[in-house]
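May I ask you to look at the sequence and the structure together as I speak.

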Amino acid sequence: MYALKKQIKETHGDEKERLLAEYKETRAKMLKTPCKSQTDKKIKYIRYADDFLIGVNGSREDCEEIKRRLFEFIKETLKMELSDGKTLITHSSEYARFLGYDVRVRRESKIKRGSGSNCKKRTLNNMTELIIPFDDKIHKFIFARRIAKQKNDGTLSPIHRPALLRCTDLEIVSVYNAELRGICNYYSLASDYCKLGYFAYLMEYSCLKTLAGKHKTSISKIKRKYRDGKGNWCIPYETKTGEKCCYFVKYGECKTVDNASDVITNAAILYKNSITNFEKRLKAKICELCGTSNGEHYNIHHINKVKNLKGKNEWERVMIAKRRKTIVVCKECHDSIHYPRAFINQTAMASRILREG
């Protein structure tokens, strides 16, 4: 090839045209010719737990023989069965599922100048490629956690998650952050990692809709309530060193955990089966109205809005002072709230009996 190129430079006219045609024909044959001997057969085995992948540099007959021997070894030596439906033989240019990734060897014909030199190379050809299986993994996760719903035209629309409405705002954002960060960090090796940007969008607006559903308001009001003055929104929380903010994690920062923007020190992520503030106050078994701790039953008394309270009764003054729409009360206090006249009559009758007795 080098001598042929030298002759092309030295000749002119019809002879040069003939040499150019010969050069193109020779080059086309060389591109189709394997770069190494077909007798140079190799095998590469990689395993994690019960999932394994075998790479074979050889023919399909070699792969069939390896598969047969593998079946015999697992059946006779290990006394186990290998799923025939999951044990597939595919070409290296086709995708194979391994540890949640779609793996293949690229056959890329794009030519560009390689790093460190001025010569053109096929830098992506014969390189291993990892792809995220969106349909089998990401979409399955979205529908299982009810993060989004599919419209009639096939597009996805984020929705709120009713199971998280009973958690606090900080816990809701922490749950979404942990899920998004975990998936993005696991698929950080994928060559199409940028496609997770749409998944991050669905997660963020599902989180905003969950917060809006909890406070019975809109997404715009939630953003306005929690804006930080820099164009972002965050959930403030108190620590020993002062107030800090929990931002919604950015998917571009999830490849590593070194620069995570949503780190909360010593903050546990509470899911839908966690103990809420109501349950903790009920388990304390202390009436917030009379202070008794010997009651047999305790209830949560709730109202619609604190601003509607007039402060005429004792329980109203307690709720106004606490600035809460709920209080834990014993059975007697709960009855006195809902039936004040009957409670007054019973109290007066008990006092008269004590005086006469």
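**Salt bridges, surface and fold**

I begin with a pair of charged residues: the side chains of E15 and R18 join in a salt bridge, with 2.4 Å from N to O. By salt bridge I mean a side-chain nitrogen of Lys or Arg within 4 Å of a carboxyl oxygen of Asp or Glu. Both E15 and R18 belong to helix α2 (residues 14–32), where they lie three residues apart, about one turn of the helix. Helices here are DSSP runs of H or I with at least four residues, strands are runs of E with at least two, and both are numbered from the N terminus. E15 is partly exposed, at a relative accessible area of 35%, and R18 is partly exposed as well, at 45%. For these words, buried means under 20% relative accessible area, exposed means over 50%, and partly exposed lies in between, with a 1.4 Å probe and protein chains only.

Before I continue, a word on the model. It is a predicted one, in which local features need pLDDT of at least 70 and side-chain atom pairs count only at pLDDT 80 or more, while totals for chains, interfaces and linings use all residues. Residues are numbered from 1 along each chain as its sequence is written, and side-chain values use heavy atoms, with hydrogens and water left out.

The protein has eleven helices and 13 strands. Of its 357 residues, 27% count as buried. The accessible surface comes to about 25600 Å², and carbon and sulfur atoms hold 52% of that surface. These areas come from the Shrake-Rupley method with a 1.4 Å probe; for residues, only the protein chains shown count as cover. Turning to contacts, meaning heavy atoms within 4.5 Å, residues 24 or more positions apart account for 50% of those with a separation of 6 or more.

I return to the charged pairs. How many salt bridges does the structure hold? The number is 14. One of the pairs is R69 with E65, whose closest N and O atoms are 3.0 Å apart. R69 and E65 are four residues apart in helix α3 (residues 60–77), and so they are separated by about one helical turn. R69 is exposed, at 55% relative accessible area, whereas E65 is partly exposed, at 30%. This pair is part of a network of salt bridges that links E65, R68, R69 and E72.

A further salt bridge joins the side chains of D102 and R97, at 2.6 Å from N to O. Is D102 buried or exposed? D102 is buried, because its relative accessible area is 13%. R97, by contrast, counts as partly exposed, at 39%.

Next, some residues in loops. T87 sits in the loop between α3 and β3 (96–98), and T87 is buried, with a relative accessible area of 15%. Which residues does T87 contact, leaving aside its neighbours within four places in sequence? They are K67, F71 and L82.

L99 is found in the loop between β3 and β4 (101–105). L99 is not a glycine, yet has a positive phi of about 55°. Its relative accessible area is 28%, so L99 is partly exposed.

K216 also has a positive phi of about 55° without being a glycine. This lysine lies in the loop between α6 (196–215) and α7 (219–225), and K216 counts as exposed, at 79% relative accessibility.

K325 is partly exposed, at 43% relative accessible area.

Finally, I turn to A284, in helix α8 (residues 277–284). A284 counts as partly exposed, at 44% relative accessibility. A284 and V328 are 44 residues apart in sequence, and their C-alpha atoms are 9.5 Å apart in space.
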